[in-house]
Amino acid sequence: MPSDQSTWLIAVPQDGDSEGLLPEITTKLHQQSRSTAVAELHIPSFKAGTLDSLISLSEELPKQETAFTAIVAKTVDTLRNLLNNDPSKLAQHVQVNETSVDAYLLSGWKWNEGRYGVQRGLRDMVDILIKEMTSIDNALKAKLNNYNLIKGSLTQMQRKKQGNLSSRSLADVVTKEHVIEDSEYLETLLVAVPKNGVKEWNSKYERLSTMVVPRSSKVVASDEDYTLFGVVVFKRVHDEFVQKCRENKFIVRDFVFSEDELAKQQDELETADTTEKELWTELLRLSRTNFSESFQILVHLKVIRLFVESVLRYGLPANYTGLVIKPESKTTKRSLAVLTTHFTYLSPRSNRAKGKKGDNEDFMGEYQTLMDQEFFDFVLFEVPWIVN
């Protein structure tokens with residue numbers, strides 16, 4: 001059963017009044033739901049090649065189709081993340097040649113002969129599509145990796161400026177007036193004390209170790225969780241004082257005041273912020289372009305697969321009529337039933353294509369058993385909906 005969240009690509013032999021097929025199918029489907037969209041799909045008369053080559057492609061194309069679909073989905077996920085999962089903004093960027101996916105598929109889709117001339121063999125065209133899709137995927141991976149690196153660096157810098165006084169950077173908290181500089185014997189230690197421990201700190205800091213300067217504790221800053229004190233001690237008792245603070249759950253911050261370091265950190269933060277914004281813009285632009293390109297490549301691959309499976313099922317001449325159908329999700333089963341009933345006349349040819357053992361009437365059909373797919377009298381493949 002085809003998904004109710006996909007657009008269907010259908011191929012049937014070009015028998016009889018092929019020009020009347022589109023309005024006839026449209027009328028029947030609209031009796032089930034006026035929301036169902038139907039359009040013509042132009043399937044070129046490719047060079048069919050040998051039976052062996054068709055069988056080989058029939059086995060390979062599903063794997064390539066899965067890989068292509070994953071690349072398209074990954075591009076959409078990248079756009080979604082860049083746009084903070086905003087559906088309206090995503091719809092503006094998930095476009096094909098500056099138009100919606102539906103408009104691209106349902107406006108009389110045609111093969112791009114300028115890029116993929118039908119004079120080439122099917123194998124060559126598939127190789128070209130694979131090469132293009134691989135290039136698109138690699139370009140996006142490289143750009144995304146660069147963006148994630150700088151974004152991670154920026155996040156780490158911003159995190160240092162956030163949090164409470166026990167963990168955040170003190171570069172923009174401590175000033176020159178808070179510390180003793182260039183003393184041979186003395187140093188200022190910065191201690192983050194929990195709010196509920198301030199009274200205890202004031203009563204015992206002078207006795208935590210020897211050689212603590214009396215009444216030297218001064219409040220540097222305060223937040224909801226901690227108060228940051230500066231206390232002067234002799235350098236020779238640094239380690240002992242730190243250990244005693246740890247035992248009393250006072251957090252000595254590892255910090256050396258430097259005006260140059262403060263300016264350096266600020267410059268690094270501003271540079272990282274600017275670079276992140278630039279890479280975000282570049283990645284958004286590339287993702288938008290890559291979606292348009294990769295989606296077109298995916299559809300072209302699906303059309304080749306339609307052709308290959310049609311030749312294997314219906315044989316030559318290789319002239320097939322294609323339809324694009326976007327069913328209304330609530331009437332998917334009824335829409336499929338309409339198609340199944342309408343194309344019942346193809347059943348004898350489709351049954352032979354199923355290739356029963358011992359059936360030599362149509363030896364080509366014996367290979368059809370290799371295709372692991374749901375079987376209808378018409379050939380059907382799906383294009384998942386990108387944005388619902």
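I take helices (H or I, at least four residues) and strands (E, at least two) as DSSP runs, numbered from the N terminus.

**Ground rules.** I am working on a predicted model, where local features need pLDDT of at least 70, side-chain atom pairs count only at pLDDT 80 or more, and totals for chains, interfaces and linings use all residues. Residues are numbered from 1 along each chain as its sequence is written, and side-chain values use heavy atoms, with hydrogens and water left out.

**Entry 1, second largest pocket.** I started with the helices and looked up what lines this pocket. Helix 5 (122-160) and helix 8 (259-314) each supply at least two residues of its lining. Helix 8 gives the largest share, six residues. A pocket here is an open set of points on a 1 Å grid over the protein atoms alone, with protein on both sides within 12 Å along at least five of seven lines; a cavity is a set where a 1.4 Å probe fits but cannot get out, and lining residues have an atom within 4 Å of a point. I read a volume as the space filled by probe spheres set on the points, which are joined across faces, edges and corners. For the second largest pocket that is about 280 Å³. It has 14 lining residues, with Met-157, Lys-160, Lys-161, Ser-169 and Gln-265 closest to the centre. I count Ala, Val, Leu, Ile, Met, Phe, Trp, Tyr, Cys and Pro as nonpolar, Asp, Glu, Lys and Arg as charged, and the others, Gly among them, as polar. The lining then has four nonpolar, five polar and five charged residues.

I found about 380 Å³ of space in the largest pocket. Of its 19 lining residues, Glu-187, Thr-188, Phe-255, Val-256 and Phe-257 lie nearest the centre. Which element gives the largest share of this lining? Strand 3 does, with five residues. Strand 3 spans 186-194, and helix 7 (238-247) and strand 6 (251-253) also supply at least two residues each. Ten lining residues are nonpolar, three polar and six charged.

I noted one cavity of 30 Å³ or more. Asn-112, Arg-115, Tyr-116, Glu-293, Gln-296, Ile-297 and His-300 line the largest cavity.

I looked up how helix 8 lies against two other helices. Axes are lines fitted to C-alpha atoms, for helices over the stretch in contact, and angles run from 0 to 180 degrees between N-to-C directions. The axes of helix 5 and helix 8 come within 8 Å and cross at roughly 160°. That makes the two roughly antiparallel (angles over 145 degrees; under 35 is roughly parallel, 65 to 115 roughly perpendicular, the rest oblique). Their contact has 25 nonpolar, seven polar and eight charged residues. Helix 2 (residues 51-82) also comes within 8 Å of helix 8, axis to axis, crossing at roughly 155°. Helix 2 and helix 8 are therefore roughly antiparallel as well. I put the residues of that contact at 23 nonpolar, eight polar and five charged.

I traced an open sheet of four strands in the order 4-5-3-6, with antiparallel pairing (two strands pair if DSSP finds at least two bridges between them). Strand 4 (218-222) and strand 6 are at the edges with a single partner strand each, so one side of each has no neighbour in the sheet. The twist averages 35° from one strand to the next. Strand 4 is joined to strand 5 (residues 226-234) by four bridges. Ala-221 stands opposite Leu-228 in strand 5.
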